Amino acid sequence: MPEDIEKLKKKLGFTFQKPALLKEALTHRSYAVENKLAYDNQRLEFLGDAVLEIILTEYLYEVYPEANEGVMTKMRSALAQQEAIAKLARELELGSFMYIGRGEAASGGANRDSTLCDLFEAVLGACYLDNGMDIARKFILDLIKSKFPAPHRLLSGLNPKGTLQEYTQHKYGHAPLYTVLNVEGPEHNPVYTVVAEIGESRGSGQGGSRRQAEFAAAEALLNKFAEHDPAVLDFGFKVGRYEGED
C-alpha cells in the first residue's frame, strides 16, 4: 500500500481543493487495471507534460535573455528529460505514494525513471487544474532551482569534448591529449578504450568508435575537474550559442 497521502500533501507545499485529482495523478495504469478503475494518471501526465514545457520555456527565456532558440531548446530538453524529472520525483519520494499494480511493483516499477517521470508530470497536471498556473509554476521552479541551479551546465553533457577543450585552453593554454589505449572485439563490433589527459589529470572511456570513446573519456575527465570546481561546466557555454559542437 502507498504511504499516507496526507504526508505527500505536506511535501508538495500546496493543498488540493479536489483531493480526487491527486489520487488520480498517483494512480498507475497497472493499479487501475487490477482494480477495474475507470481512471489512471495518463491523461494528467499528458497535461502535465505540456504545463512543464511552457513553464520551463518561460523560465529559460527570462533567465537567459541573450540565449538563442537552439540553446534554450537544448537546456529545456535537458531539464525535461526522464532522468532529470525522475530526480525531482525522488526528491519528493513520489514513488512511495503511488498506487501501482502488484506485478509492476514487484518488478521495481515504482522506482523506474520512466514511471517516476510520468508520475511527476501527472501530479504537476493535477496541480495546474486544481490551483492554476501560478502555483504550478512555483511548485516546479522551486524544485528546478534547488536541484539544477545552473541549467546551462547541463549542456556540458551534450558535448563534453567541446566543454573540456574550452576549459583546458583557459587553464593550461592547450587542449587535452587523447590516446587510444587498445581496441578489442571483432572487426565489425570493436570496443575502443581511450584516455584523455592534461597535466596529471586523466579520464578514460570506451565506445564503439574512436570518436565515441573520446567523448566518454572527455566526460570522465570533465567530471573529475567538476568535483573540485563546478564552474568547469560553464566552459563551452557562450551567450547565444553553445560552442564546440561536432
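Helix axes here are lines fitted to C-alpha atoms over the stretch in contact, and angles between N-to-C directions run from 0 to 180 degrees. Helices are DSSP runs of H or I with at least four residues, strands are runs of E with at least two, and both are numbered from the N terminus.

This is a predicted model: local features need pLDDT of at least 70, side-chain atom pairs count only at pLDDT 80 or more, and totals for chains, interfaces and linings use all residues. Residues are numbered from 1 along each chain as its sequence is written, and side-chain values use heavy atoms, with hydrogens and water left out.

Confidence comes next. pLDDT is the predictor's confidence in each residue, from 0 to 100. The protein chain has a mean pLDDT of 90, and 93% of its residues reach 70 or more. Residues 239-246 fall below 50, yet this stretch has 24 contacts in the model beyond near neighbours in sequence. Contact means heavy atoms within 4.5 Å.

Now the overall build. The protein chain holds 11 helices and five strands. Its C-alpha trace spans about 60 × 45 × 30 Å along the principal axes. Of the 246 residues, 43% are buried. Buried means under 20% relative accessible area, exposed means over 50%, and partly exposed lies in between, with a 1.4 Å probe and protein chains only. Among contacts with a separation of 6 or more, 58% join residues 24 or more positions apart.

Turn to the interior. In soluble globular proteins, nonpolar side chains tend to be buried together. A nonpolar core is a set of buried Ala, Val, Leu, Ile, Met, Phe, Trp, Tyr and Cys residues joined through side-chain atoms within 4.5 Å. The largest one has 51 residues, and Leu12, Leu26, Phe120, Phe139 and Ile140 touch the most other members. Two or more residues come from each of α1 (5-12), α2 (19-25), α4 (42-63), α5 (69-80), α6 (82-91), α8 (113-131) and α9 (133-147). The most come from α8, which gives nine residues. Beyond its neighbours within four places in sequence, Phe120 is in contact with Ile85, Leu88, Ala89, Leu92, Leu94, Phe139, Ile140 and Leu143. A second, separate core has 15 residues, including Tyr167, Ile198, Val232 and Leu233.

Follow α6 next. Its buried residues are Ala84, Ile85, Ala86, Leu88 and Ala89. They pack against α4, α5, α8 and α9. The axes of α6 and α9 are 11 Å apart, at an angle of about 105°. That makes α6 roughly perpendicular to α9. Angles of 65 to 115 degrees count as roughly perpendicular, under 35 as roughly parallel, over 145 as roughly antiparallel, and the rest as oblique. Lys87, Leu88 and Glu91 of α6 meet Ile140, Leu143, Ile144 and Lys147 of α9. The axes of α5 and α6 come within 4 Å and cross at roughly 50°, so α5 is oblique to α6. Here the contact is made by Ala78, Leu79 and Ala80 of α5 and Gln82, Ala84 and Ile85 of α6.

Two backbone angles deserve a look. Most residues other than glycine have a negative phi. Just after α6, Glu93 takes a positive phi of about 55°. Glu93 sits in the loop between α6 and α7 (102-106) and is partly exposed, at 44% relative accessibility. Lys36 also has a positive phi of about 55° although it is not a glycine. Lys36 lies in the loop between α3 (29-34) and α4 and is exposed, at 72%.

What about the cysteines? A disulfide is a pair of cysteine sulfur atoms within 2.5 Å. A search of the whole structure finds zero. Cys117 is buried at 5% relative accessibility, and Cys127 is buried at 0%.

Glu214 lies in helix α11 (residues 210-228). Glu214 is buried, with a relative accessible area of 11%. Not counting residues up to four places away in sequence, Glu214 touches Lys161, Tyr178 and Val194. Asn159 is in the loop between α9 and α10 (160-172) and is buried at 4%. Asn159 and Ala218 are 59 residues apart in sequence, but 9.0 Å apart in space, C-alpha to C-alpha.
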